[in-house]
Amino acid sequence: MEEIALQMKGITKEFPGVRALDNVTFSVRKGEIHALCGENGAGKSTLMKILSGVYPHGTYEGQIVVNGKDVEFKSIKESQDAGISIIYQELALVGEMSVAENLFLNHDLMRKKVINWNKIYVESQKWLDHIGLNIDPQTKVNALSVGKQQLIEIAKALTKKTDVLILDEPTAALTESDVDILMKLLHELREQGVTCIYISHKLGEVMALADTVTILRDGKTISTDPIEELSEEKIVTKMVGRELTELFPYEVHPISDENILEVKNYSAFDEKGKKITDDVSFVLKKGEILGFSGLMGAGRSELFINLFGGLKGKTTGTVLIDGKETTIRKPADAIQSGLAYVSEDRKRYGLVLGMDITKNTTLAALNKVMKMNVIDAAVEVQRAEEVTRKMKLKAPNLEVQVGKLSGGNQQKVVLSKWLLNNPKVLILDEPTRGIDVGAKYEIYKIINELVHEGVGIVIISSELPEVLGMSDRVLVMADGTITGEYSREEATQEKIMVSATGGKKR
Ligand SMILES: Nc1ncnc2c1ncn2[C@@H]1O[C@H](COP(=O)(O)OP(=O)(O)OP(=O)(O)O)[C@@H](O)[C@H]1O
Ligand SMILES: [Mg+2]
């Protein structure tokens, strides 16, 4: 394993107003799993985009050596030809096309005059089996959850000649069972001699998977160490530059007797009339943090997107907000009645990437910055500054387009936007996905502040430690219905998993 697969030396990359990378050194041995860690905006994705030719030679300073030879990639294609495949933090599949078409897009099999679809489907099935995903290759990618799409991206990378596989937060959108599939896959690939560079904010995974860890902070290399010399705590300390003593700053707090949200016998159907939510009843108290746990596809997001007026199908049952029966037909109704929903899929629902940070944060709260029906620019900027400072957003200034921020900082903008709206009920769907440890801590602190003000909070999360660490009460869903309910004291990982996998209806 001592042979060097690749080296990046003295890499410096500047964007207008930001030095994203400052004289970075990065060296990866052949056949190892090398984790790249650092806070949001540390420069991880940028470094990998340089390695994979997204930022071509000439747009950065420094030197790249692959298999002992200097390389100057001028395009993604050139790095691919050298055996380097990258899977981006942002999904890059074509939703309207089938899984098979996506897998072999730009592949020789697709470049034939007469395409042999049979062969493509058979090949696709092989790759799907290889990654342990049980779906039909003719399924449209749109119909798959974010997590499944992520696995398809990995299969797609593997269809090419790959010596070095770069995964930029591959598990951010995956549930525990899919993470297990991926871990197994990566171990197999290591056996086969594939070198893997792995970016993740989930340090438990890093500890379980990596052979070596490099840490970046503010665009600089802090260290490269073998995993044996590290622990989660040591990695965190190096990442944030100080010690972080607790991960979940849960505070015992008063919970009111009043219901802020009450859902009774609520069922929902998709546009074709198929039931997606089945007779769900629950209450949320003022000042309560209610965790929603369950496996991917359990129907948690669908339930809340529907309650928020985001889907078109029929619904039955009753919804009371702050004691008043409420009919919500579209998201504007929901916002009007005091609901806020922070989506798990920030690209699709959360942000306008071409707009600047200020405009994005005030988008859902225009009434807070309007004066006589005109947006008061000064107030708008002031509110945006307050809330983004609270979130510790890392950006050169608030006029930067949101599309130019690092993944985790984009998530902070989404949260800022909804916090500005002063909601009565705040629904957070995977709120800390892709967010670094320091920022996670800040989000939990903000949740604490909000419940003290009487806001009711729903946390939908696939991270069991997060659900257990922050919730006053936990509900578990499976197959569109509630299958378990536990108080903070009762809840354990084991009980939740039992309810999530075929537990009985409550
Ligand atoms: N296209 C761009 N234009 C301008 N600035 C950019 C661009 N891409 C990245 N940056 C800036 O470069 C810095 C490093 O960003 P990068 O995306 O590499 O961070 P990261 O370590 O991947 O963070 P995260 O964990 O949030 O994904 C950030 O300050 C970011 O705002
Ligand atoms: Mg990134």
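The dialogue below takes up a sheet and then a cavity.

Tutor: The model is predicted: local features need pLDDT of at least 70, side-chain atom pairs count only at pLDDT 80 or more, and totals for chains, interfaces and linings use all residues. Residues are numbered from 1 along each chain as its sequence is written, chains are lettered from A and ligands numbered from 1 in the order written, and side-chain values use heavy atoms, without hydrogens and water.

Student: In what order do the six strands of the open sheet lie?

Tutor: Strands (E, at least two residues) and helices (H or I, at least four) are DSSP runs numbered from the N terminus, and two strands pair if DSSP finds at least two bridges between them. Here the order is S6-S7-S8-S3-S9-S10, with mixed pairing. Strands S6 (84-87) and S10 (220-226) are the edges, each pairing on one side only.

Student: How many bridges join S3 to S8?

Tutor: Four bridges link S3 (residues 33-37) with S8 (residues 195-199), and the two strands run parallel. Leu 36 stands opposite Ile 199 in S8.

Student: What volume has the second largest cavity?

Tutor: On a 1 Å grid over the protein atoms alone, a cavity is a set of points where a 1.4 Å probe fits but cannot get out; lining residues have an atom within 4 Å of a point. A volume is the space filled by probe spheres set on the points, which are joined across faces, edges and corners. For this cavity, the volume is about 80 Å³. Among the 12 lining residues, the closest to its centre are Glu 176, Gly 294, Leu 295, Ser 462 and Met 497.

Student: Which element gives the largest share of that lining?

Tutor: Helix H18 (493-500) gives the largest share, three residues.

Terms used: 1 Å grid on protein atoms, 1.4 Å probe; cavity = no way out; pocket = protein on both sides within 12 Å on 5 of 7 lines; lining within 4 Å.
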